[in-house]
Every structure is written in C-alpha cells, then in structure tokens.
Amino acid sequence: MKGMAIVAEGLRKTYGNLVAVDGISFDVRENEIFGVVGPNGAGKTTTIECLEGLRSPDEGRLSILGLDPRREGRELRERIGVQLQSSALPDDIKVREALGLFASFYRKPADWRPLLDALGLADKRDAPFAKLSGGQKQRLFIALALVNDPELVFLDELTTGLDPHARRAMWDLVRSIRDRGKTVFLTTHYMEEAEALCGRVLVIDRGRIVALDTPDELIRRLGEGTRIVFAADEGYDPTLLGKVPGVVKIEQDGGRVVVTGTGDRLVVLVVNALDAAGTRFRDLRTERPDLEDVFLALTQEGKGGRV
Amino acid sequence: MKGFWKLAGMEALLYLREPIASFFTMVFPILLLFLFGSIYGNKPNPFYGGRGMVDVSTPAYMAIIIGSTALMSIPIAISTYRERGILRRFRATPLRPAAVLGAEISVHLVMTLLGAALLVVAARLVYGLHFGGNAALVFLALVLSTLSFFSVGFLVASLAPNARVANLVGMVLYFPNLFLSGATFPTEMFPPTIKAIGNFVPMTHIVRLLQGLWFGDPVGRHLTEIVVLGGLLVVGAIISALTFRWE
C-alpha cells in the first residue's frame with residue numbers, strides 16, 4: 001500500500017449497546033489533508049482515537065504508516081503527531097518547558113525552538129500554560145504534535161472554540177504542515193473549514209460513511225446548481241423567468257426572488273430577461289451551494305436543524 | 001529513560017512551584033517543631049519517657065510529611081492529571097505508562113525525603129537533636145513507610161471518580177491518621193479509648209517504627225509495624241494496578 005498513510009478496513013467500535021463506529025473503510029493518501037465531518041456523536045473522535053492507537057477497535061484492520069496501532073503502538077507514536085480534542089497540561093508548566101519535556105519522549109525529536117516562531121509563541125515561551133489564551137493553548141498543542149517531526153498529524157476539532165481570526169490563522173498553519181510534506185488527518189464540525197482545507201472529506205453519520213470525496217465533487221453531486229437572489233420592485237412578473245433556459249426553480253417571498261438553475265450563462269440570461277421586460281431589481285447576488293448544504297442534505301441532523 | 005528523567009525533573013519543579021504542597025511537606029513540620037520546641041525545648045522530659053520533646057517528635061513528624069505527600073499530593077496530582085486529559089496526552093506519545101507512574105512515585109518520594117531532611121537539619125541546628133539508631137535502617141524504614149502510604153494515595157486516585165472527591169477522601173484519611181497516630185501529639189496524652197483506636201490507624205505503625213529505630217531499637221522489635229506497612233504496600237499496589245484508569 002505504497003502512497004497510503006492510512007488504510008482502514010471495516011473499522012468498528014462499540015461502547016456497550018452503542019455502536020460508535022459501524023464498520024467503516026477508507027484510505028488516506030500521503031501528503032493530503034483528509035477531513036472527517038459529521039454531527040456530534042457521529043463517531044469522529046472514536047475513529048481518530050482508534051487510528052492513533054488510543055482506543056482498540058472491536059473489529060477491522062488498520063494500517064497507519066504501515067503499522068498496526070494495536071500491536072505496534074509505541075513505534076507508531078514515534079512517527080505520528082497527535083492533538084487531542086480535550087487535553088491540558090499542568091497549569092504551572094511553561095511553554096518552553098512543555099516543548100522540551102515532550103521532545104524528550106521521542107527518539108528523534110525535532111528542534112522545537114523554530115516551532116515557537118512558526119506558531120507565534122516566541123514571546124510566550126516563559127508563560128505558564130494556565131496564562132495562555134485558548135488560541136495560544138491550541139497552538140502549543142500543535143507545536144507538541146509536531147515536536148517529533150511526524151509523518152502524519154492527527155488534529156481533532158482543532159478550531160473548536162476559537163474566534164474567526166484565530167481559526168483562519170490555524171488553517172494557514174495546517175496548510176503549512178501539509179506543505180512540509182506531512183499528511184494531515186483532521187476532524188471538524190465546521191463545514192467551511194473542511195471545504196477550505198481538505199483535499200478529501202469523509203462524511204460520517206451514526207458511525208457509518210455517508211460520503212467520501214473532494215469538497216467540489218460533493219457539492220457538484222448535490223446538484224442544486226447556482227442560486228440567483230434579488231429583490232424585485234413592483235411590476236415584477238412571476239412568469240417572466242420561467243421560460244429562461246436553465247432555470248429549474250423560482251421561489252418568491254414578498255419582493256425577494258430566488259432563482260435556481262444550471263448553466264454557465266444562467267446569470268446573464270436571467271439579468272437580460274429582467275432587463276428586456278423593463279423590470280427593476282436590486283441587490284442581485286449569486287450563491288453556490290457550499291459544503292454545509294451538502295452536509296445538511298446528507299446527514300440525519302440536517303433534517304432536524306442546523307448544527 | 002530520557003523521557004522518564006525529564007518528566008521526573010519537570011514534576012519536581014512543578015511540585016516546588018505549587019506553594020501549598022511544598023508548604024505542608026517542607027515548612028509545616030518545621031513550624032510545628034518550633035512551636036512545641038519553644039514550649040518544651042529538648043530537655044529530658046518525663047512526659048516524653050525521659051527523652052527530649054524534639055528527639056521524640058522529629059521521627060514522628062516525618063509521618064506528617066509522608067501523609068501530606070501520600071494522602072494529599074498524590075491523589076490530587078493523579079486525579080487532576082486524569083480529569084484534565086494530561087495523562088491521555090502523555091499516552092499519545094511513546095513514553096511508557098510505567099515511566100509516567102514511576103516519575104510521580106519518584107518525585108513524591110524525593111520530596112518526602114527532602115522534607116524529612118530539612119526537618120532533621122532544623123531540629124539539629126536549633127535544638128541539638130539526638131540520634132541513637134542506625135541511619136541506614138531509619139532511611140529504609142522511612143522509604144518503606146512512604147511507599148506503603150503512596151499505595152494508599154494511588155488507591156484513592158484510582159477509585160475516586162474525580163479530583164474533588166480524591167481530594168476529599170485524601171483529607172478524610174489524612175486527618176484521623178495525623179491526630180490519632182501520635183504523629184502530631186504524643187499518644188501518651190491520649191485517654192485509653194483513643195489510644196486503642198489509634199492502634200487501628202496505619203500511621204501509628206509508621207510513628208512507632210520510625211521512633212523505635214531512631215533510638216536504636218533492634219529491627220526484630222518492630223516486625224508488627226514492618227508487616228503491617230509491607231502488607232499495606234502490597235495490597236494497595238495490587239488494587240491500584242487493577243483499578244487504575246488513564247481517563
């Protein structure tokens with residue numbers, strides 16, 4: 001399985017009567033950013049923890065960097081980096097002490113000093129863990145995950161609880177990890193994050209795979225096409241756009257009109273038709289469905305409400 | 001091994017940075033010594049069986065130190081590390097689980113011995129402490145007593161559902177041990193009933209063993225204490241090992 005960082009076949013894990021992961025199979029290629037998305041309780045964390053060797057699956061075959069996490073866990077942990085969803089360090093440990101400590105756990109640690117700069121923690125090197133902000137703690141955990149110069153990095157809900165600015169900065173960081181030749185396996189419940197970062201996305205729900213593809217392909221397959229939204233002034237004729245080629249659906253709510261359709265020239269045709277009829281319109285914009293629409297369409301939780 | 005030493009060094013530093021823990025291990029026994037020393041001095045005193053208060057109390061106060069590391073620090077440290085996911089984070093590295101536990105045990109043992117050493121130095125410098133035993137035997141007895149109580153501390157950490165409960169259970173065990181064992185107040189002060197209850201308090205055996213060896217008793221006179229403390233160590237360690245949880 002050359003070129004594969006992770007091979008999972010029939011992975012299954014139950015807690016008592018609860019089936020957390022129900023026989024899922026997937027491959028992760030070397031040097032890709034691979035994302036797992038799913039509603040809360042879908043089995044994301046159980047999956048990632050089985051791959052890390054922190055949990056033993058009940059069934060299934062796992063090969064992580066060619067190793068079996070159950071039998072070769074210590075060897076595997078030399079070569080992977082792990083950021084856990086809920087973790088902490090002692091309150092009084094300083095940033096540089098934590099890095100030095102974790103570096104000592106590995107046979108071949110990387111020099112952690114450049115990591116301080118790369119992660120913007122250089123001026124916090126002497127700060128105790130308890131005094132760090134949420135974003136700084138997350139960056140420290142990423143630094144700890146990189147301290148052994150791993151081939152494969154696991155990030156479990158990296159940006160949960162961060163403000164939008166810190167989240168964007170974290171995305172750049174994840175891309176830079178990939179650009180250094182590493183494979184990144186991440187879970188998230190932010191669809192925009194998966195769409196922005198991941199080469200491929202695995203959508204799971206209730207422990208089963210719902211979809212596995214690139215974000216673009218997932219969106220394309222949803223098949224909703226483009227939406228054109230505008231506010232029409234009085235005098236708008238609802239039947240006007242029905243004859244425009246490519247238009248599939250027209251919805252109207254008061255003065256707000258939503259036209260759904262396909263085709264590269266859809267916008268031009270709709271605007272021309274409105275103009276030719278002398279209809280005045282304002283605030284016209286186009287929308288493409290995003291991964292969130294796909295997610296809501298695919299997962300159970302989407303039927304009940306937004307995540 | 002590199003990881004073990006680094007972790008042990010770090011834990012020692014963190015222990016000393018934690019003011020409450022280091023106070024009870026390093027400072028409180030010395031303050032107690034100064035308090036009673038300023039009342040009784042270290043003159044031969046019939047109340048202390050003809051010995052000086054400081055000579056009798058110094059080995060007894062070592063039990064206070066053991067109690068503070070074993071029943072306060074260890075349960076809080078281990079259960080907090082578990083509750084906050086620090087143990088999990090260690091497990092996600094190649095560090096062996098035994099190295100994590102070994103570092104905790106070593107650091108708390110060293111802190112206990114350090115506290116005892118500071119107490120002895122203070123008692124010697126201020127009150128001219130007398131010693132009539134075999135230093136190596138006293139040292140071994142101190143280590144046995146400490147490890148024996150550590151196994152109880154680990155047991156509390158293993159069985160308590162969270163850090164708050166571990167802290168509470170540690171205190172509930174510590175204070176009766178402290179006051180009924182003769183560690184703080186000499187058992188000579190106690191009425192017979194309290195004295196009888198004291199026989200069932202494990203720390204009583206630490207106090208008797210350390211005081212006896214301090215004044216040069218042959219080891220054979222303290223087999224009961226050695227068996228009780230050794231038994232506690234074995235039973236505590238086995239149950240802790242079976243019930244220990246990393247998360």
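1. **Ground rules.** This is a predicted model, so to speak of a local feature we need pLDDT of at least 70, side-chain atom pairs count only at pLDDT 80 or more, and totals for chains, interfaces and linings use all residues. Residues are numbered from 1 along each chain as its sequence is written, while chains are lettered from A and ligands numbered from 1 in the order in which they are written.

2. In soluble globular proteins, nonpolar side chains tend to be buried together.

3. **Zooming in on A:L99.** Set aside its neighbours within four places in sequence, and A:L99 is in contact with A:W112, A:L115, A:A143, A:L144 and A:V147. Contact means that the C-beta atoms of two residues, placed from the backbone, lie within 7 Å.

4. **Where the chains meet.** On chain B, 18 residues are in contact with 20 residues of chain A. Helix 1 (2-17) and helix 4 (86-91) of chain B are the elements giving two or more residues to that side of chain B, and helix 1 of chain B gives the most, with seven residues. Helices (H or I, at least four residues) and strands (E, at least two) are DSSP runs, numbered from the N terminus. By class, this side of chain B has seven nonpolar, three polar and eight charged residues. For that count, Ala, Val, Leu, Ile, Met, Phe, Trp, Tyr, Cys and Pro are nonpolar, Asp, Glu, Lys and Arg are charged, and the others, Gly among them, are polar.

5. **A three-stranded sheet.** Chain A has an open sheet of three strands in the order 2-1-4, with antiparallel pairing. Strand 2 (18-29) and strand 4 (59-64) of chain A each have a single partner strand, so one side of each is left without a neighbour in the sheet. From one strand to the next, the twist averages 15 degrees. Strands pair if DSSP finds at least two bridges between them; strand 1 (residues 4-15) and strand 2 of chain A have nine. One bridge puts A:R12 with its partner A:D22 in strand 2 of chain A.

6. **Further along chain A.** Strand 10 (residues 226-232) runs antiparallel to strand 12 (residues 256-261) of chain A, joined by six bridges, and A:I228 stands opposite A:V259. Five bridges join strand 10 to the antiparallel strand 13 (residues 281-287) of chain A, where A:A232 stands opposite A:F281.

7. A:N31 has a positive phi of about 65 degrees although it is not a glycine. A:E157, also not a glycine, has a positive phi of about 50 degrees. Are they buried or partly exposed? A:N31 is partly exposed, with 17 other C-beta atoms within 10 Å, whereas A:E157 is buried, with 20.

Key
Axes are lines fitted to C-alpha atoms, for helices over the stretch in contact, and angles run from 0 to 180 degrees between N-to-C directions. A residue is buried if 20 or more other C-beta atoms lie within 10 Å of its own, exposed if 12 or fewer, and partly exposed in between; C-beta atoms are placed from the backbone.
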